[in-house]
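I opened this notebook to record what I looked up in the structure below. The entries follow the order of my reading.

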Amino acid sequence: MNRKLLRIILPAFLVAPLCGVAQQNVRSVSDASMTPTLIMPESFETDTRAMQENWYLKNYAIIDSDADSRAGSDLSDEIIIERLSKLPTIIEMPYNSVVGNNIRFYANRRQLVENMLGLSLYYMPIFEEALERHGLPRELRYLPVIESALVPTAKSRVGAGGLWQFMPSTASGLGLEQNSLVDMRFDPYTSSEAAAKYLKQLYQTFDDWSLAIAAYNCGPGNVNKALRRAGGGKRDFWEIYPFLPTETRGYVPAFIAANYIMTYHKEHNISPALARRPIVVDTVHVSRRVHFDQISEVMDIPVAELRALNPQYRRDIIPGDIKPYPLTLPSLQAYAYVANEDSIVNHNASRYARRGVVQPSSGLSTGSDSRGEYVEEEIIQWHKVRRGETLSAIANRYGTTVREIRRLNNCGKRVQRGQRLKIKTVVRRYKETAPQETPASVVATEPAMTDTLTTIAGTDSLGVTLPADSVAAAAPDSVTASGVVAAAFAEAPAPAAETPAPAPRQEATPAPAPQRPNRPSNTQNTERRRQTVRHKVRRGENLSKIATRYGVTVAAIKRANNLANDNIQVGQRLVIPQ
């Protein structure tokens with residue numbers, strides 16, 4: 001969302017004594033001219049239209065839009081001071097013009113306040129429970145109002161995230177888990193617990209709630225620096241105000257304004273938020289990896305609802321296989337999840353499962369092709385150690401390990417030049433697939449095909465009778481569509497007596513053609529060329545390298561070339577069996 005930096009121009013004097021108002025409720029800010037501009041909290045810049053798309057607001061909260069739209073910008077200082085003095089709070093809520101400006105700003109952001117009131121129906125009980133466990137003032141529950149406008153997925157420009165807007169480093173120090181799948185800064189329950197602990201630590205450090213709240217915004221180091229610059233004995237936010245970072249100067253006033261507007265919103269004719277229907281949630285601990293889509297499809301819960309109740313899961317994945325993680329669901333669905341967990345986890349499991357052990361590809365296609373199937377076999381080779389070679393280099397060359405070479409040769413970590421080493425490698429090669437023979441019974445059951453072939457064998461395209469041996473020689477392999485057709489050509493029976501061939505004219509009878517030896521077909525020649533590969537030996541090559549290149553064994557090359565040993569010469573041509 002595009003946010004524009006909002007600045008409020010303050011007058012040269014911030015606060016003047018007010019007639020008829022008790023001085024203890026009014027705090028002046030000296031040296032205010034040092035800060036001509038004041039940076040407001042980013043929650044003031046929240047896009048209210050985007051908030052309207054919040055799943056909880058759309059399904060569980062009702063905003064009474066018929067209420068009076070008067071905003072209260074004409075509110076007098078006396079009324080604000082009186083209302084602030086009646087707030088039942090432990091933390092001091094004084095008034096000055098900075099506080100008044102923040103209150104009036106909230107009063108004029110009607111839609112923002114209405115949305116926050118709607119979200120508070122769900123989130124405020126979570127905040128109050130965490131604060132109560134640590135014995136902290138309940139008014140601190142309004143800190144997320146100025147931090148995130150109660151948007152659980154809010155992120156600031158500087159990287160803070162969640163309802164309580166923790167920076168990553170601060171969250172890590174408080175034990176909040178952050179990784180690619182989970183960010184506990186966005187979990188309302190876990191982050192509220194961490195915020196309560198952090199606020200308690202800050203109060204124990206400064207012994208003043210206004211300073212603790214300021215330190216929550218800018219860090220304890222900046223507050224201590226402001227205390228030192230203000231001089232000894234200064235232990236109050238308003239006394240060190242000029243020495244604080246600019247954004248922090250507006251933080252405590254915004255906190256006071258949030259307490260005011262969330263308490264007195266009716267007095268400003270801002271419509272209260274009502275519950276469309278109560279939402280009662282429960283939490284189950286998931287110890288198996290599961291995706292929101294699996295839960296949604298099996299239990300018929302919208303994914304948007306799962307995300308709204310569990311904003312800490314960044315990719316809709318609960319990595320319960322690593323460790324148990326919480327899953328917040330409406331109460332009735334929580335019991336249903338426990339009863340159907342196996343069905344949920346197994347639903348479309350292959351789509352969401354993580355791969356465990358994955359073997360890298362060897363670069364060769366698996367399966368089979370026209371030559372046959374790939375098979376792997378172990379071969380033993382001998383390697384003669386050269387100058388400067390090490391076991392590691394030799395192992396990398398042959399695709400094996402140093403431990404395997406040492407085991408096969410019973411040697412130490414060092415090798416010497418000229419030493420012969422036994423190397424065992426795995427070679428992938430083609431295994432020829434033998435052609436399937438056609439059973440005789442199959443041929444016998446094809447009379448129609450046999451008769452057709454007999455007719456073809458008896459005459460040529462011009463109706464001239466051909467000799468049987470010429471027909472056999474002229475029948476190319478390409479004509480046969482299957483083993484049945486080939487068998488029919490090879491064993492074609494004589495024409496039946498009841499269907500004699502037409503008698504040829506005497507003068508048209510050709511002389512018997514001389515018998516020619518059967519020539520191999522084009523398919524046979526191609527097969528022979530594919531089975532015979534010749535390799536010209538290059539400088540630096542040996543039988544081991546050549547065998548590895550063509551996927552054959554050294555012994556097969558030696559047999560094909562009648563080699564008595566491994567010695568070969570540059571330029572020598574070798575037959576490579578396939």
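Are Tyr-260 and Tyr-264 buried or exposed? I found both Tyr-260 and Tyr-264 buried, where buried means under 20% relative accessible area, exposed over 50% and partly exposed in between, with a 1.4 Å probe and protein chains only.

I noted that the model is predicted, that local features need pLDDT of at least 70 and side-chain atom pairs pLDDT 80 or more, and that totals for chains, interfaces and linings use all residues. Residues are numbered from 1 along each chain as its sequence is written, and side-chain values use heavy atoms, without hydrogens and water.

Next I looked up the aromatic rings. The structure holds 15 aromatic pairs; rings of Phe, Tyr and Trp (its six-membered ring) pair if their centres lie within 6.5 Å, and planes under 30 degrees apart count as stacked, over 60 as edge-to-face and the rest as tilted. For Phe-237 and Trp-238 I read centres 4.9 Å apart and planes at 85°, so this pair is edge-to-face. Phe-237 is buried, at a relative accessible area of 0%, and Trp-238 is buried at 5%.

Finally I turned to charges over rings (NZ of Lys or CZ of Arg within 6 Å of the ring centre and within 35 degrees of the ring normal). The charged end of Arg-83 sits over the ring of Tyr-264, 5.8 Å from its centre. That of Arg-249 sits over the ring of Tyr-241, 5.9 Å from its centre.
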